[in-house]
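Here are my notes on the model, point by point. I hope they are handy to have beside you as you look through it.

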Amino acid sequence: MPVIDGDRLVRDLEMLRTFGQCGNGVVRQSLSEVDMESRRWLVERMTNAGLDARIDGIGTVFGRSRNPGKALLVGSHTDTQPTGGWLDGTLGVMYGLETVRAFAESRETRDLAVDVASWIDEEGTFFGLLGSKMFCGLVGEGDLDGASSADGTTLHAALRDAGLEGRPLERCVPDRYRAYMEAHIEQGPWLEEEKRRIGVVTGIVGIRDVSVRFEGQQNHAGTTPMARRRDAGAALVTFATRVHEVFAAHAGPRSVWTIGNIRLEPGAASIIPGRAWLNLQYRDADEARMDRFEDHVRDLVRESNARGLVAVSMDATKDRTAAALMDADLQRHLEAAAECHAPGAWMSMPSAAVHDAQNLAQVLPSAMLFVPSKGGISHAFEEDTSAEDIVLGCQVFADAVASVLLEGR
Ligand SMILES: [Zn+2]
């Protein structure tokens, strides 16, 4: 079976970290200058590993194997949150690269075909999980029209500035692939809590964002009597409180919801807000429950409008991702490899974070492996995983990829 080179793997991860490094963490948002530099570096690494590699028309780095037969596609992402950790996404891409290199060094595996992808914009600077959605044909006509970053740069302009306009797109040809597999840091506390070193993912939660808008009347904060106010800010606060009450009453064991962003306009101490806006995001592994949550939000909008003072409207945005189950057979391969290298120190678990794998799961049998995150911290500069766990995870991953491909022969 393949033997991965742990030093080579960690060296490359450290190298990738230098693109946008900020203390222990990384600032490398998709399609930024430093992100594009890192993508060109990755193309070079993939090429050195024998892959036919390029950056496609949306920014995804794709390395195609020249070996014959059904291929296994390995992927994750190398873009970061506005302030992100050094392993979020990069771990899975570098596992793919190291798997390709280790396969080439073993007689048993050197003819196996493994493609490696770094999907663009997993973190949603412009459009969440963009690269994997494009690859899988999950982006509808017009879906990307309004896509822009927080500073107002449109996706279209960013692609042009990055020199990607007009380049061909990689598209999934399901016949080429036996499966898709992705490794990722857990980003939560459960592996550490249970003293396990490997997680085999059973399913991934879906995610939905709803934006709610409040229209009242801007006015003087001193001269306007309370009874005559149409205060959009007050309506927002009441609405937010009701969201927490209603969602808590209908939540499943792993439902989570967050009001992560609110805005009051014009946002001054002596002005009654005339307009207000909030973003509500919720996640669950159960699509039916997510549908019900959306109905609850609709009911709350109606309840709020019934008071008649402030006009409330909602927009369940197009940027949503469906929950997905991981392939049972692929999970068995991961479990066997984990039991071989970390007997008794692995567990099956759901993913509470979204991943590119849930898009791939709509077109290919898909699976995911997790390694522990120290202190359960991610999307933060402090994010880290021990070198021992990084290396162990890659060996388990490479073994599982090999056994999936060898079994299909
Ligand atoms: Zn990630």
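1. Five residues of domain 1 are in contact with eight residues of domain 2, where contact means that the C-beta atoms of two residues, placed from the backbone, lie within 7 Å. On the side of domain 1 that touches domain 2, four residues are nonpolar, one is polar and none is charged. The classes here are nonpolar for Ala, Val, Leu, Ile, Met, Phe, Trp, Tyr, Cys and Pro, charged for Asp, Glu, Lys and Arg, and polar for the others, Gly among them. Domain 1 covers 6-204 + 323-407 and domain 2 covers 206-316, with bounds that come from an automatic or database domain assignment. The C-alpha centres of the two domains lie 35 Å apart.

2. A word on the source: this is a predicted model, in which local features need pLDDT of at least 70 and side-chain atom pairs count only at pLDDT 80 or more, while totals for chains, interfaces and linings use all residues. Residues are numbered from 1 along each chain as its sequence is written.

3. Now the overall picture. The protein has 11 helices and 17 strands; these are DSSP runs numbered from the N terminus, helices being H or I of at least four residues and strands E of at least two. Its radius of gyration is 23 Å, close to the 22 Å that the globule rule gives for 409 residues, so the protein is as compact as a globular protein of that length. That radius is taken over C-alpha atoms, and the rule is 2.2 Å times the number of residues to the power 0.38. Along the principal axes, the C-alpha atoms fill a box of roughly 80 × 45 × 40 Å.

4. How much of the protein is buried? Buried residues make up 49% of the 409 residues. A residue is called buried if 20 or more other C-beta atoms lie within 10 Å of its own, exposed if 12 or fewer, and partly exposed in between, with C-beta atoms placed from the backbone. As for contacts between residues at least 6 apart in sequence, 77% join residues at least 24 apart.

5. Please have a look at the pair formed by helix 7 (residues 232-250) and helix 8 (residues 287-306). Their axes come within 10 Å and cross at roughly 145°; axes are lines fitted to C-alpha atoms, for helices over the stretch in contact, and angles run from 0 to 180 degrees between N-to-C directions. The crossing is right-handed, that is, the near helix is turned clockwise from the far one by less than a right angle, with anticlockwise giving left-handed. Helix 7 contributes Ala 235, Phe 239, Arg 242, Val 243, Val 246, Phe 247 and His 250 to the contact, and helix 8 contributes Arg 292, Phe 293, His 296, Leu 300 and Ser 304. By class, this contact has seven nonpolar, three polar and two charged residues.

6. Glu 303 also lies in helix 8. Glu 303 is partly exposed, with 14 other C-beta atoms within 10 Å. Between Glu 303 and Phe 239 there are 64 residues in sequence and 9.1 Å in space, C-alpha to C-alpha.7. Gly 216 sits in the loop between strand 9 (206-215) and strand 10 (219-220). With 23 C-beta neighbours inside 10 Å, Gly 216 is buried. Leaving out residues up to four places away in sequence, Gly 216 touches Arg 230, Asp 231, Ala 232, Ala 235, Pro 273, Gly 274, Leu 309 and Val 310.

7. Some backbone details deserve a check. The peptide bond from Glu 265 to Pro 266 is cis, with omega near 5°, and Pro 266 is in the loop between strand 11 (256-265) and strand 12 (271-272).

8. Leu 31 has a positive phi of about 70° although it is not a glycine. Is Leu 31 buried or exposed? Leu 31 counts as buried, with 24 C-beta neighbours inside 10 Å, and its place is the loop between strand 2 (25-26) and helix 2 (33-48). Lys 195, another residue other than glycine, has a positive phi near 55°. Lys 195 is in the loop between helix 6 (190-193) and strand 8 (198-204) and is exposed, with 10 other C-beta atoms within 10 Å.
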